[in-house]
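Hi,

Here is the model I promised to pass on. Please have a look, and my notes follow below.

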Amino acid sequence: MNIQALLSDKVTQALVAAGAPANSEALVRQSAKAQFGDYQANGVMGAAKILGIAPRQLAEQVLTHLELDGIANKVEIAGPGFINIFLDPAWLAKQVEAALADERLGVAPVKPQTIVVDYSAPNVAKEMHVGHLRSTIIGDASVRTLEFLGHNVIRANHVGDWGTQFGMLIAYLEKMQNEHANEMDLSDLEAFYREAKKHYDEDAAFAERARAYVVKLQGGDEYCREMWRKLVDITMSQNQKKLSASERHLNQR
């Protein structure tokens, strides 16, 4: 049960019964301080302005129509016209017991939507850093919540990269005559990246070859695509090892 929604409905009905417009909003919120009760309804202020009467006068009329028997053990008017609601502990305990007995904890499914959650976006050929892990955890929590509500959620990580660095990596792997990229671990790839960058900065011929590989990669060259795929697969495999302990998985896009 959504207690705030229940109270909002009750207060809105009382507002309308007291003469407020049918579209009046109860504006029920959790109270910031215990002395103001569990919830506070602030909609009287706006409705009173429309009616041209004192807010406290309208609040008194609202209380005569407010039906919270068995739900609240105390309802009072505070200040110029705020309504403080103190929930009955016995009623609240029953709601908690009912929620615990429900496998969905009283949360009703919503109209399902297909939602894409794009998070983490790890870099290819590099280890994940704390920023990637943070966004992964936040994203995973969001996904689990959305799925619990009944939505169809697609987890996405944009790991594809067609930039100059892949031309450098492919050119350097070729230079080292290392066709077995899938046997390297991630630390090897990072070392390769540093060496490739060094060659790119210092060797004009190497830089030209790297740029040519970028063009070929973007053009769908089979050899370049194969090397790129190896780099991506190694990266995803290593990253997944870091996430497996927390049961989080990367769905590549």
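**What I found**

Let me start with Ala22, which is found in the loop between H1 and E1; helices (H or I, at least four residues) and strands (E, at least two) are DSSP runs, numbered from the N terminus. Please keep in mind that this is a predicted model, in which local features need pLDDT of at least 70 and side-chain atom pairs count only at pLDDT 80 or more, while totals for chains, interfaces and linings use all residues. Residues are numbered from 1 along each chain as its sequence is written, and side-chain values use heavy atoms, with hydrogens and water left out.

Ala22 counts as exposed, at 70% relative accessibility (buried is under 20% relative accessible area, exposed over 50%, partly exposed in between, with a 1.4 Å probe and protein chains only). Its C-alpha atom is separated by 8.4 Å from that of Thr12, 10 residues apart along the chain.

Ser24 is also in the loop between helix H1 (3-17) and strand E1 (28-30), but with 12% relative accessibility Ser24 counts as buried. Leaving aside neighbours within four places in sequence, Ser24 is in contact (heavy atoms within 4.5 Å) with Thr12, Leu15 and Ala47. A polar atom of the Ser24 side chain lies 2.7 Å from the backbone oxygen of Pro21.

Now to the rings. The structure holds one aromatic pair (ring centres of Phe, Tyr or Trp, the last by its six-membered ring, within 6.5 Å; planes under 30 degrees apart count as stacked, over 60 as edge-to-face and the rest as tilted). The centres of Tyr213 and Tyr223 are 6.4 Å apart and their planes are at 45 degrees, so this pair is tilted. Tyr213 lies in helix H8 (residues 204-218) and Tyr223 in helix H9 (residues 222-244), so the pair ties together parts that are 10 residues apart in sequence. Tyr213 is buried at 8% relative accessibility, whereas Tyr223 is partly exposed at 24%.

At the start of H9, a side-chain oxygen of Asp221 reaches to within 3.2 Å of the backbone nitrogen of Tyr223. The buried residues of H9 include Trp228, Leu231 and Met236.

Two charges sit over rings (NZ of Lys or CZ of Arg within 6 Å of the ring centre and within 35 degrees of the ring normal). Lys74 lies over the face of Phe86, 4.7 Å from the ring centre, and the charged end of Arg104 is over the ring of Phe148, 4.4 Å from its centre.

Enjoy looking around!

Best wishes

Notes: Polar contact = N/O pair within 3.5 Å; in protein donor to acceptor, adjacent residues only side chain to side chain.
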